[in-house]
Amino acid sequence: MLRILWLVPALPLLGVIINGILALFFERPLLLRKYYEDLEKGVHEEDSHGHGAEDHPLFHHWYRQLVSITGPSVVGAAFFVALVCVLILVKRPPHERVFQLDLFTWIQSGEFRTAFSLYLDPLSSVMILVVTGVGFLIHVYSVGYMAHEKGYARYFVYLNLFTFAMLVLVLASNYLLLFVGWEAVGLCSYLLIGYWYEKKSASDAGKKAFIVNRVGDFGFALGMFLLFWTVGSLNFSEVFPKALEMWEAGTLTPAVATAITLLLFVGATGKSAQIPLYVWLPDAMEGPTPVSALIHAATMVTAGVYMVARSNVLYLMSPTTLTVVAVIGGATALFAATIGVAQNDMKRVLAYSTVSQLGYMFLACGVGAFTAGIFHLMTHAFFKALLFLGSGSVMHALAGELDIRKMGGLKKYMPVTFWTFFLATLAISGIPGFSGFFSKDEILWRAFSSPFGGKVFWLLGTVAAFVTAFYMFRMVFLAFFGETRLSPELKEHVHESPKVMTVPLMILAVLSVVGGFVGIPPILGGSNRFEHFLEPVFEKGAELVPAAPHHFSHSLELGLMVLAVLVAAAGIYLAYHFYMKKPELPGKVAEKYPVLYDVVANKYYVDEIYHAIVVYPVYRFSVFLWEVFDVLVVDGIVNGVGRVLLGTGQAVRRLQTGVVHTYAVSLLIGAVILVGYLIFG
Amino acid sequence: MVPESYYLVLSGIMFAVGVVGVVSRRNALIILMSIEIMLNAVNLAFVAAGSYLGDPAGNVFAFMVMTVAAAEAAVGLAIVIAIFRHRETVDVSELKELKF
């Protein structure tokens, strides 16, 4: 029965094909016709959201209705199939919860054999449910959000393709297939960031994301090669037991394990936007908001965390790498959170928040608490997708306005959006009872107590939690509370979003609230079912974990939990004090510390620094290659050969006088020389 | 009997006269005549060598050359006449259109 697993990635692929046909053969001709009509009438598109032109037949063509059905429904069906598969898997005893479906041999070369096969275990179960479940809701939301867009079918082709690629990534049974999915999601990310390709900033952001990811993928590929070189396999079912055997036999040295895992982690920093490769994610907000929710918050960017968790056996062999992962994760969590404090664009705040939350997940992986990382990955997918979709709803109502300084008082205009957004904010801030609380607290506790952890990591996480609560509530207070600062025209325009958008919001809100209940820690009377479910995946690696140096008391765990909640509450209170009670305070603080404010508001000038030390030298070097090497050397050789031949011709053509006598004389001289040679030579 | 070498020397002198004529004269007709002299010098050498070696091939070659010379003279003179009709001159130094 589990053989139906192949349908999970196949259904979104079917959506790609159907929507692709509609996009190519129906949407494209219509768009071209509209383009030429507009050209004749001299109409210019005033903005990319294209309001006003909606009476055009393009927007009433039957293909749109069809896309609205196929786009979301294939993902919905995939979710259903995934759910059935996972339920079947769960019925098995915990240690038999692994299923590999070999579809066909993909590459066979000498000893190297890679099959296109799917691998279902508790870890990939969680991932496919999140990808298809949250993905389905976002597809539905997109039907409403993208209704006014010209490239409607194109959008769903990309979105379906992304879902397919992501499912290949998480269901892959070997590193190579995982890498295929890894690259394919990167491609879809590029296509969707640059969805409004007529806008320069959007196409630039797409390119930036793609190029920054190449840096990471380079590391990933090297790590993969090194792994194959040492262990001789890339299949998950072979590589981990074999690596453990070699580890015990001493043929796999800690140095090699460190090199492999660090290289793989370089790939993860690119895909999951960690220091130093996080810079593409904030720019990726140029894409449509549902894309930000699905790809750049809930699923694709978590691929790095998934990969590290999947390779837990290898990572646990190298305490050095674990420390690096934890330090980078913790530093990113705090660093990105502080940037979020001074951003005024709603989606950018959420983007830095995503970077920061991904940092948490890596912090968890770095201290060896892979379950906690995956737990946070899941709850984060719920509440961050909800936050993004909520901001999309606001954007939809305000005709594209995203500056929180120009909002205010939206609570009474958009009650559903407000309440769902508010619940998600409570979840991300770690208020007890909400999903984010359980996962975040799990991470903080593990950072404190794990043999790989330490008080420093706990402190980093806790301070980041404080900043997170502050900037999230800053945004909520500025956007939804207080007096409205909307311009009069916008006040007329503002409206609650249609049902097709608010229903996904409500479902995600429910998930954000209850999503954490699957992992209530024992200390709060739960049994942490989530951890037990994932246990078989991390069991092999667990043998490598050294015994905890000392035991921590329950009261300490409870105390730290209360402290974390108090810290979050302090962040909320500070935001309330700054933005509700004394709205003039933030300006005063900014005036008092102008340098600090400037540095934070400009995102620590990281983009500028990268531009100066990476982009600009590469650019100058390219100019050098063009102006010096290409123009002088390459062109010089080509033109030089031509010029030499031309000159020789010019010189030699003088011999052709046309006077018969000259020819006769040269004949004579030649004959004399020849005869002389024959006689005397 | 005249020794064989005399014939060859005469042949050489005649050939040299022909060469000088071709190289130094401008009149196309005289050039053609000089070419005839060169051909006849060769004929002489052929006949002399043939009789010296007792081989009739020398005489055969001489007849061959005469035939070619007749054809050459016919074509050459026709060309010269055509040139004269066209240009009203037979001075080859003025016929130098075929150059760079």
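Trainee: Where in chain A does Pro276(A) lie?
Mentor: Pro276(A) is in the loop that runs between helix H8 (254-271) and helix H9 (280-283). Helices here are DSSP runs of H or I with at least four residues, strands are E runs of at least two, and both are numbered from the N terminus.

Trainee: And what kind of peptide bond joins Ile275(A) and Pro276(A)?
Mentor: A cis one, with omega at about 10 degrees. Keep in mind that this is a predicted model, where local features need pLDDT of at least 70, side-chain atom pairs count only at pLDDT 80 or more, and totals for chains, interfaces and linings use all residues. Residues are numbered from 1 along each chain as its sequence is written, while chains are lettered from A and ligands numbered from 1 in the order in which they are written.

Trainee: OK, big picture. How many helices and strands does chain A come to?
Mentor: 26 helices and two strands. The C-alpha atoms of chain A fill a box of roughly 120 × 75 × 60 Å along the principal axes.

Trainee: What share of the residues of chain A count as buried?
Mentor: 48% of the 681 residues. Buried takes 20 or more other C-beta atoms (placed from the backbone) within 10 Å of a residue's own, exposed takes 12 or fewer, and partly exposed is in between.

Trainee: Now helix H24 of chain A. How many of its eight residues are buried?
Mentor: Zero, so H24 (residues 594-601) of chain A lies largely in the open. After H24(A) comes Lys603(A), with a positive phi near 55 degrees.

Trainee: Switching to packing: which residues in H16(A) meet H20(A)?
Mentor: On the H16(A) side, Val416(A), Thr417(A), Thr420(A), Leu423(A), Ala424(A) and Ala427(A). They meet Thr502(A), Leu505(A), Met506(A), Ala509(A), Ser512(A) and Val513(A) in H20(A). Contact here needs C-beta atoms, placed from the backbone, within 7 Å.

Trainee: Which residues of H14(A) and H17(A) meet?
Mentor: Tyr360(A), Leu363(A) and Ala364(A) from H14(A) meet Lys440(A), Ile443(A), Arg446(A) and Ala447(A) from H17(A). That contact divides into five nonpolar, no polar and two charged residues.

Trainee: What does Ala479(A) touch?
Mentor: Leaving out residues up to four places away in sequence, Ala479(A) touches Met346(A), Val394(A), Ile404(A), Met407(A), Gly408(A) and Leu410(A). For chain A overall, 82% of the contacts with a separation of 6 or more link residues 24 or more positions apart.

Trainee: Last one: how many residues does the contact take from chain B?
Mentor: Ten, against eleven from chain A. The chain B side has six nonpolar, one polar and three charged residues.

Key
Contact = placed C-beta atoms within 7 Å. Nonpolar A, V, L, I, M, F, W, Y, C, P; charged D, E, K, R; others polar.
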